[in-house]
Amino acid sequence: MKGGEVIINDLIEKEKKRQNDTIQLIPSENHTTPAVMEAVGSCLMNKYSEGYPGRRYYEGNEIIDEIERLAIDNAKKLFGVPHANVQPYSGSPANAAILMALLEAGDTIMGLKLSGGGHLTHGHPQVTFSGKFFKSVQFGLDEKNARIDIKKVAELASQHRPKLMIIGNTAYPFELYFDQFAKIADEIGAWLVADISHVAGLVVAGEHPDPVPHAHIVMTTTHKTLRGPRGAMILVTEKGLQRDPDLGGKIDRAVFPGLQGGPHNNTTAGIAVALEEALQPPFKTYAKQIRLNAKVLAAALQEKGLQIVGGGTQTHLMIIDLRNWGGGTQLAAAMAAAGLFANKNTVPDEPHSPFYPSGVRIGTPAVTTRGMQEKEMEQIAAWIAEIESLTKKFSLPSDKLERRQLVKEVKQWAAQQARLKEIREEVGELCRQFPVA
Ligand SMILES: *Cc1c(COP(=O)(O)O)cnc(C)c1O
């Protein structure tokens, strides 16, 4: 075991160095604070505590109860909700628990398509539990401006009458108007679930429309803009309780014993810490800067001739549109070689393939945590634009085998390319000025 430990320690140090020396632009990632990491790495992980505070199936949970109550109280305070469950292991199981609490198998749900920026758990057909065990109706984006067309949503809703609408985004760069979705849901008597996994940090800082007055249930992961540990929370709103006074109980029973066993108490403690941090005034400044940075980054990329899906961003993320050369995979790979980490992503009505998509998704939560501001966004945009122009010669072939070959070729090229190596050095230099805490 000792040998294993040494290897893992070594690998952790290497990963720490990677995170420190390179720029993380994946919009679902962040750098948590040392206080959060300390809580997550603590002895709290040793304790079993199936059940809820004051109602456990195991002895010795007095302190764990205090920790979970603190996390719950912080969640209620931060979001202004009467009920919170902080036990979901992550966002996907949290959404599974919500569907389990409110629906029977075969009921109809409605959500934003994956290709429009929705999440797998919002009814993506066939390969997911949400698409397999429920009838799923999905809406896309307006072709012209890449925005959700609320009139279309209303039409689809009145046609299919879903029992539940789950509204959220992982790759949709614009604001979600929950009041408009609520109007539609209320008209057909559907449950409205707001999945704010990506934008929760913006919501609590007043930098994104707040779903709490409009949805019955709000779900969020805790590790994205909220900057906590990997985990999730299910919040029940006043509106939700008005519709069903037992909604909190239903959610709690769906999480445990419905779907999960013992909560990860170390994560619960990390969530309590992160929520405490988000309740402090500096978090508002942070969230404001995330959005400002995203806006500046998008504008700088556009100024350098790159297309951005929908013409920009209102949130923390944007999608670079490379439809003209089918270059999502290639650009993301070349950026990685230069120390700029992002992910390939489909664009609305993806003309190529989801495996070789035409977009690259980038976001600012992690770089903003490091203290980077507008000036650094301009620099990052300049690097990305330069890398794009270098990589553009690798346009996407239509033959499948050739495509696979091309990706290999791009990676080999990128590992050798002199200017990419130089950019990698420049990135390292910038990173040294903005160390991860
Ligand atoms: C990230 C995300 C999830 C899933 O969270 P995991 O922790 O990865 O399971 C669910 N919904 C949305 C909108 C997300 O962005």
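Modeller: The side chains of Glu15 and Arg18 meet in a salt bridge, with 2.8 Å from N to O; the term stands for a side-chain nitrogen of Lys or Arg within 4 Å of a carboxyl oxygen of Asp or Glu. This is a predicted model, in which local features need pLDDT of at least 70 and side-chain atom pairs count only at pLDDT 80 or more, while totals for chains, interfaces and linings use all residues. Residues are numbered from 1 along each chain as its sequence is written, and side-chain values use heavy atoms, with hydrogens and water left out.

Both Glu15 and Arg18 belong to helix 1 (residues 2-21), where they lie three residues apart, about one turn of the helix; helices here are DSSP runs of H or I with at least four residues, numbered from the N terminus. Glu15 is partly exposed at a relative accessible area of 31%, and Arg18, at 28%, is also partly exposed, where buried means under 20% relative accessible area, exposed over 50%, and partly exposed in between (1.4 Å probe, protein chains only).

A second pair joins Arg323 to Asp321, again with 2.8 Å from N to O; here Arg323 is partly exposed at 34% relative accessibility, whereas Asp321 is buried at 13%. In a further pair, Arg419 forms a salt bridge with Glu426, their closest N and O atoms being 2.9 Å apart, and Glu426 is partly exposed with a relative accessible area of 30%. The structure holds 16 salt bridges.

Definitions and conventions
Helix = DSSP H or I, 4+ residues; strand = E, 2+ residues; numbered from the N terminus.
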